[in-house]
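Visitor: Could you walk me through this structure?

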Amino acid sequence: MTIQKEFTEHKQNVLENQAKGSDVEGLKPVFHLSKEGKNVVVLFLDRAINAYFPYALEQIPELREQLDGFVYYPNTVSFGTDTLYGAPAMMGGYEYTPGEINKRDNEKLVDKHNEATLVLPKLFLDAGYSVTVTDPPFCNYKWEGDYTPFKPYPEIKVMNIQGKYAVQYKKDFSDVLDWNTNAESKIIKKRLPMFSLMKALAPLLRKTIYDTGRYFLVDENSQDIDIFLNSYSTLYYLDSITDYTAEGNTYTFIDNQTAHSPVFLQAPEYEPRSRVTDISTPFDEMTRLSEKDIATYHVYVAALKRIGIWLEKLKKDGMYDNTRIFIVADHGKDLFNPLFKDFDNAMNDYSRYNPLLLVKDFNSKDRLRTDSTFMTNADLPQLAIENLEVSKVNPFTGKNLLESVQKQKVQVYTGSWDPKKNLGTQFSFDYSRSFTVHDDISIETNWSPIIVK
């Protein structure tokens, strides 16, 4: 019944999007920047870990030049460990931190999340900008495709592009990828008996035999990279699906899951292959890295490589100076993080609050530089509208975004990541893994457990 209900809702959303003309075909441009006006672009890389960035620069020397004009903020925290907690403040500012959301205890969580999703699109729309939003995270608390919150604003172009270019990528790289009908049939035939065995076991034993989808089968092509390709292919073709035909000013929000889809890639190119022979990383602490650590770093670098190539194209086409760009994440992950490697306690927990933040302003021509100012990803909305003829007032609350900033000492939270478990008006936090933090996140004494009175 649950599957049928979800499928019916998803199908209806897809039909509505197609009716609005927001379906995606081929490699036709979906992002339209302006040659004469100003462009504000948010590249949201879900789960991109901040502290990996210096290592990526070492491995991709050209990335430093590609990121001319950017400022890297290593001293950055997210207000939450998962998208449900970290994305609202990133999209809407300090009024949408988990703590502030909980204060509005007479409103549903989903409504407050939707409101945060709309803050910047509505502000830019009201200022006369052309607005494009793709794959907004957990919109209407659905995995994808439900754009109900955007219905009152038909001028906003909102669409789902995740997965739209994966087949094209497989075709273009069929020489290094084995995906074909025979190969997939072979995998199914191998796994079906093991799947049957798993379903015959008691529920408590099923996870063991499942083995994260491998069923203890030795296969030279055992990793499934389809989920990765669904997102990576978008970044790969980003220059092909971007044009400069917009008139006036534009605001573009791009959600991409490449850094959230860990798989082994071929090092040092960090490109998908059916047979990966080198999974090395630049970390000295190799003995401390799990397979998930290594795979997460691989997809992180892959994402930055493709973004760097897109930035080069913007420069070549004369679109760099009139474009303000953010490369930002909603949260980190409980993996090895070199920033916290010498901490005594909860290293993995702290890493979950360390999202990537890179900012390039209009006409910024300096070489990539590092700024150790204490930042949060909730700073993005105010930076996005800074010095523009865009209202500073939240269109839904009437409060000034700049006056809502609260980051002398911030509270960061964890809890259930699942929207289906957050259907009420307030989040239920796991206080044993929630903290206050201030000033310099690389100093362990600046982190303290939140004390519940």
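Predicted model: local features only at pLDDT ≥ 70, side-chain atom pairs only at ≥ 80, totals over all residues.

Guide: Residues are numbered from 1 along each chain as its sequence is written, and side-chain values use heavy atoms, with hydrogens and water left out.

Visitor: What is the order of the strands in the open sheet of 3 strands?
Guide: The order is β13-β14-β15, with antiparallel pairing. Strands are DSSP runs of E, at least two residues, numbered from the N terminus, and two of them pair if DSSP finds at least two bridges between them.

Visitor: Which strands stand at the edges?
Guide: β13 and β15 do; each has a single partner strand, so one side of each is left without a neighbour in the sheet.

Visitor: How many bridges join β14 to β15?
Guide: There are 3 bridges between β14, residues 435-437, and β15. Val-437 has Trp-447 in β15 as its bridge partner.

Visitor: Where is Ile-450 placed?
Guide: Ile-450 lies in the segment after β15 (447-449).

Visitor: Is Ile-450 buried or exposed?
Guide: Ile-450 is buried, at a relative accessible area of 10% (buried means under 20%, exposed over 50%, partly exposed in between, with a 1.4 Å probe and protein chains only).

Visitor: What does Ile-450 touch?
Guide: Not counting residues up to four places away in sequence, its contacts include Gln-411, Tyr-431 and Phe-435. Contact means heavy atoms within 4.5 Å.

Conventions: Helix = DSSP H or I, 4+ residues; strand = E, 2+ residues; numbered from the N terminus.
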